[in-house]
Amino acid sequence: MTQSKPVIVIGAGPVGLCLALALAQQNVAVTIVEQLSDADFLDQVPRAGSNHPSTLEMFDRIGLYEKLVPRGIIAPKFLYWDRQTFAVIAEFDHKFLADDTKFPFVLQCERIKIIEEALAMAKQHPLISVRMASEFVDFEQRAESVSAKVENAAGEIETIEGSYLVACEGARSIARKNCGIEFEGFTYPERTLNIEVAYDFTRHGFTERNYISDPVEYSNLFHWKGPPERWRIHFPTDPDEDEHKLTTPEHLQGRLKGFLDIGRDFEICGCNLYAVHQRVAKTFRSGRVILAGDSAHVNSPIGGMGLNSGVHDAFNLAEKLVRVLRGEAADSVLDRYDRQRRQIAVKHTQAQTIRNKRLLEERDPAVRKRNHDELRRSAEDPVLARKFLLRASLLESLKEAEAIA
Ligand SMILES: Cc1cc2nc3c(=O)[nH]c(=O)nc-3n(C[C@H](O)[C@H](O)[C@H](O)COP(=O)(O)OP(=O)(O)OC[C@H]3O[C@@H](n4cnc5c(N)ncnc54)[C@H](O)[C@@H]3O)c2cc1C
């Protein structure tokens, strides 16, 4: 089955590409519209990359998992640390999920590698047309179809006709704004500073994924496969501090040495500063225009849930769009996508990422102690550890979504 008009997917990020592949593999024609050109595409900052078991299962379904494994690091464990004493509070091991998933681990593989591999797959698929260097600017929808207005590399406006338009163009979604959909939530006053370093932190007991609690300067430390081999550390920043000052080599070295003094300068490979938002679109659907991924919801990266939950949107939506376009389900099934994924974004992803940040930055010594004791208890008891990991790996959120009518 191929319908006459393709599904238009705006944005060749991880969500748009997974959606396009999942649709095309079910014989649905897709047009992907991406503003970046082929020449610029791989110049993006690496960004996310902790891919949870639930997401690995989805990558596997479209043949993407096997392309990512050689480019990533398999991380079965993660650690919570107390920076005040530099002691491990708790070690969580995904082995407790061995009966729940084919992939009882996280794959550390950055967004840039995911989109490189997925774009190559999309370009090879006969049912996917990829329009690079094409900026989506507006849309028009009618009862039976939708058209996207796109500015091409020559500055001309083209119109692309489609059956549905899925906005996967990230947090600044034009489709969301043009539909007048509110992006409800808040932005933290402090920005997060990311520093990438070439240094082997395992010699100090760190593992591939580390969450470090501290009332003054909490952080996260993650390992990424090379070449060049890198570790990324996140620090909060003072909201009033000058942006330029925060990224000078002296400031970066100071932050790193304050965290861990190795008796010399760190080899810094890069840094960036970003604002952290906790927002969810008021609705994920406006007729034939549907939001997915960061265009629908954004959250703090603590816990690695943004990309993962966006990919979950893509697979949930693909399954429904296929049935609608085959004439096997009414268009109203797409409202269930909105109910399921929006509720999960609010009750699960937002709630958990806000809690994750609070846990790491807690200042009250009594509450800190209580939190740490609870983490320790959870990690040591196989039943509690499995419960904790089902939530952290988003497997539980998929079950919750299924229960939403
Ligand atoms: C530092 C950092 C670390 C993170 N770590 C994690 C993590 O460990 N795990 C996790 O799950 N999430 C993480 N995230 C979040 C994650 O990166 C995002 O949730 C994810 O990339 C969203 O995917 P997306 O496809 O919805 O949008 P994006 O990845 O933003 O992709 C959007 C695409 O649309 C294109 N586009 C934008 N506007 C237009 C337009 N007008 N016309 C055409 N194309 C357009 C863009 O060029 C881009 O290719 C992190 C984020 C940051 C900033």
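User: Which residues come nearest to the ligand among the 32 around it?

Analyst: The model is predicted. The shell around the ligand divides into 14 nonpolar, twelve polar and six charged residues. Of the 32 residues around the ligand, those that come nearest are Glu-34, Ala-48, Arg-111, Asp-294 and Leu-307.

User: At what distance from an oxygen atom of the ligand does a backbone N or O atom of Val-15 lie?

Analyst: A polar contact requires a pair of N or O atoms within 3.5 Å. An N or O atom in the side chain of Arg-47 is 3.3 Å from a ligand oxygen atom, and a polar backbone atom of Gly-304 is 3.3 Å from an oxygen atom of the ligand. For the backbone N or O atom of Val-15, the distance to a ligand oxygen atom is 3.1 Å.

User: How much of the ligand's accessible area does the protein cover?

Analyst: On its own, the ligand has 1,000 Å² of accessible area. Of this area, the protein covers 90%.

User: Which element gives the most residues to the shell around the ligand?

Analyst: Two or more residues come from each of α1 (14-24), β9 (135-141) and α9 (306-325). The element that gives the most, with three residues, is α9.

User: How are α1 and α9 oriented relative to each other?

Analyst: The axes of α1 and α9 are 9 Å apart, and the two helices pack at an angle of about 30°. The crossing of α1 past α9 is right-handed. Angles under 35 degrees count as roughly parallel, and α1 and α9 are therefore roughly parallel to each other.

Terms used:
Residues numbered from 1 in each chain as written. Predicted model: local features only at pLDDT ≥ 70, side-chain atom pairs only at ≥ 80, totals over all residues. Heavy atoms only, no water. Near = heavy atom within 4 Å. Polar contact = N/O pair within 3.5 Å; in protein donor to acceptor, adjacent residues only side chain to side chain. Areas by Shrake-Rupley, 256 points an atom, 1.4 Å probe, with all protein chains shown as cover. Helix = DSSP H or I, 4+ residues; strand = E, 2+ residues; numbered from the N terminus. Nonpolar A, V, L, I, M, F, W, Y, C, P; charged D, E, K, R; others polar. Axes fitted to C-alpha atoms, helices over the stretch in contact; angles between N-to-C directions. Parallel < 35°, antiparallel > 145°, perpendicular 65-115°, else oblique. Left-handed = near helix turned anticlockwise from the far one by under 90°.
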